[in-house]
Amino acid sequence: MSRARRLWAALLAAPLLACHGAEERSVSAPPSPFEPIPDVALVTQDGRSLRFYEDLVRGRTVVVQFFFTDCQGVCPLSTGKLLQMQELLGPRLGRDIFFLSITLDPAHDTPAVLAEHARSVGAGPGWTFLTGAAEDIELLRRRLGVFDLDPAIDADRNQHAGVLVLGNDKKQRWTMRPATLPAGFLNEAVLRLAADPR
Amino acid sequence: MRRRDFLRLGMAGGAGLFGARNARAVGRVLHDPPPSPRTTPFVQALPVPPLLTTVDPFNAECTPPPQSDPTRLRFYRVIAEERLVRLHPELPLTRVWGYRDANTPRGQYPFLPGPTFIGRSQEPIVVRHVNELPADHVGFGEPSSTVHFHGGHVEARSDGFPEDIDGFEAVVMRPGESHDYCYPLLDPGFSTGEPDVTDRPSTLWYHDHLLDFTGANVYRGLSGFFLYFDELDTGSEFAGLRLPSGEFDVALVLQDRRLDRNGQLVYDGLTDHNGFLGDKYLVNGVIQPFLDVKRRKYRFRLLNGSNARFLGISLTDRDDRVLPYDLIATEGGLLAAPARGQKLSLLSPAQREEIVIDFAQFPEGARVYLMNRLEQEDGRGPRGTFEDPELVRHGTRLLEFRVGPTVDDPSRVPDVLRPFEAIAQSVIDGARRRTFEFERRHGGWVINGEGVDLDRPIARVPRNEPEVWKLKNGGGGWWHPIHIHVEFMHVLKRDGKRANRVEERDGMAKRDVITLGPNSEVEVFFLFRDFPGPFVFHCHTLEHEDAFMMARFDIV
């Protein structure tokens, strides 16, 4: 979401706050799930600048993973599942189905670091690694439902949610699955979501 | 408008507006979706969905058990479709998903709830569910489906297992596909020659149960009633218990919904991890209707069909005074005896309670109401605890009863309904014990630390062997209504003590959904009989269920 749109959204929300007494919001202008996916600027492992919605999501089925390269917790598990799904999907990955791995640690995970990580895990075409401004990634994460309801846990990157977000933009349908599921199960969910009704 | 009306409109007008008052708001995501359009209450009559009609016999994919009487087998065909319905005369038509009798032509079924099944004990049913949901659907809801017969005692392939898994018959209906469901309506224990005639349901319901999308699909409208009769609960006021029957036996599904300014359904399952609440109250698919009643007894079957909202229903008068009624059943069937003089039905999502109201106590022209007296701002749960919920005096009126003339009333509410034995202590002592803890972890909901994995049973449960399950709320302030398929549970203990509430007292009532309030722990008794195979249990706050608070268990 552009700054202008965010400001506008905050202004619209302000009268509601004024009516019942302003509450300090810990996240500035938290994204509404009833508005479109935020179109934040991100940078790929190849250094290309893209917009999240317009360039990476529009018209596609995506599997979104939030991770960081130093993560010891749930990331290796979810990355492992994506690798298995990459195998199962074959040429469909990069055609109408795309994997988006977005770092929660943009300070450390520069494009060069992401590129090395992608190479070392064996990520192929159709699987993009992304970094960007911390606050934009934060907005994206919350908009896609990847957060903990307990703000203390949510603030700790090492306890981040072990989920994969699946979305089909044409169908405007989003859901999430735990990364602990068998890869076959996850893959079936992606295929059903991507299914062409014809 | 009086102050009370402003308050009521405000409470109905948007959960987000009250966010700041809630000291428990730590960690809540502030959605502030806009409130639904205003509508005038009590301007339309309560709809009563029609009874399902039979079709000619067909070659079914399922086979009723050998103990079923094939001469009494009835066939039905039900279509899941997208249709337009009028939720309120002041709103445009709303696009919903719902079930329809195949004998009714498309376009001629104007209700949100599906048609009502009437089942009779020992009379088997086969229903072919056909998925005519739009394959090119855009928006929330997944047009594949399975159908769960909630409260039913049926085989695994007919129970609405949420997904296709290896080593098990395919159950998911993609658009254009169908699946046959066999409901033998036999008593649990029939397969070992020990049918328990005291273990019969009364008000069941059927609804979508697709993995990950149950919340969205049920919210779109995929649900309907199933009423179960036998030689005690006959459906006639002149036989058996002679409970109020026919037009005086009314099923009411209570649901909350949120609408946009065009009257279309609004839903968020992706980010509303707590559970999605609506701000409009529907009864049988229309917003705040009225019902003309005569001055005699009526039986009302209350179903909380909401995704996440808890309801505390009272009968109230014009001045919001609370009036008593008789409680005669939970979702576990008729009680052993009526609980007279009840003043509150505390219903989690999916729970049912049946009450008898005698309108003869009111003069003709009186208006009385079913009112929700719980306040709930997010999917966590209502204010207060399960043991001591906070009840408001001026809650939201869901349904207005308009008392009409006196008529004869041959119905009865006898002092004995369907007695059954409490589980003997020696049986409890010898039972296998399991513990399941329900909590939040890793951005989702887990049972014993794991999110849903339908490939792996969390427990393998031998048939006909007593089980005591301890169900624990793992904390965090959420309420979790837990539903276990296949069998009713006897509630043994709540928080270490014999259950207080009459609708949880073993020997008096059974349940198929048990509410775990914050920090609650309950012990329940099961005997799993007759049907081997994979089944599930799960939280029935549908956004929790969809975010992995479900487990497979195998009866072996």
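Q: At roughly what angle do the axes of helix α3 and helix α7 of chain A cross?
A: Keep in mind that this is a predicted model. In chain A, α3 covers residues 75-89 and α7 covers residues 183-194. Their axes come within 9 Å, and they cross at roughly 60 degrees.

Q: Are α3(A) and α7(A) parallel, perpendicular or oblique to each other?
A: Roughly perpendicular would take 65 to 115 degrees, and roughly parallel would take under 35. The crossing is at roughly 60 degrees, and it is right-handed. The two helices are therefore oblique.

Q: How many nonpolar residues are in the contact of α3(A) with α7(A)?
A: On the α3(A) side, the residues include Met85(A), Leu88(A) and Leu89(A), and on the α7(A) side they include Leu186(A), Val190(A) and Leu191(A). By class there are 3 polar residues and 1 charged, and the nonpolar count is 7.

Q: Which strands stand at the edges of the open sheet in chain B?
A: This sheet of 6 strands has mixed pairing and runs β23-β22-β25-β30-β27-β28. At one end, β22(B) pairs with β23(B) in the antiparallel sense over 4 bridges, with Phe438(B) opposite Ile447(B). Each edge strand has a single partner, so one side is left without a neighbour in the sheet; those strands are β23 and β28.

Q: Is His483(B) buried or exposed?
A: His483(B) sits in strand β26 of chain B. The residues it touches include His148(B), His150(B), Asp512(B) and His538(B). Its relative accessible area is 1%, so His483(B) is buried.

Conventions:
Residues numbered from 1 in each chain as written. Chains lettered and ligands numbered in written order. Predicted model: local features only at pLDDT ≥ 70, side-chain atom pairs only at ≥ 80, totals over all residues. Heavy atoms only, no water. Axes fitted to C-alpha atoms, helices over the stretch in contact; angles between N-to-C directions. Parallel < 35°, antiparallel > 145°, perpendicular 65-115°, else oblique. Left-handed = near helix turned anticlockwise from the far one by under 90°. Contact = heavy atoms within 4.5 Å. Nonpolar A, V, L, I, M, F, W, Y, C, P; charged D, E, K, R; others polar. Pairing = 2+ DSSP bridges. Buried < 20%, exposed > 50% of the residue type's maximum accessible area, 1.4 Å probe, protein only. Lists of a residue's contacts leave out its neighbours within four places in sequence.
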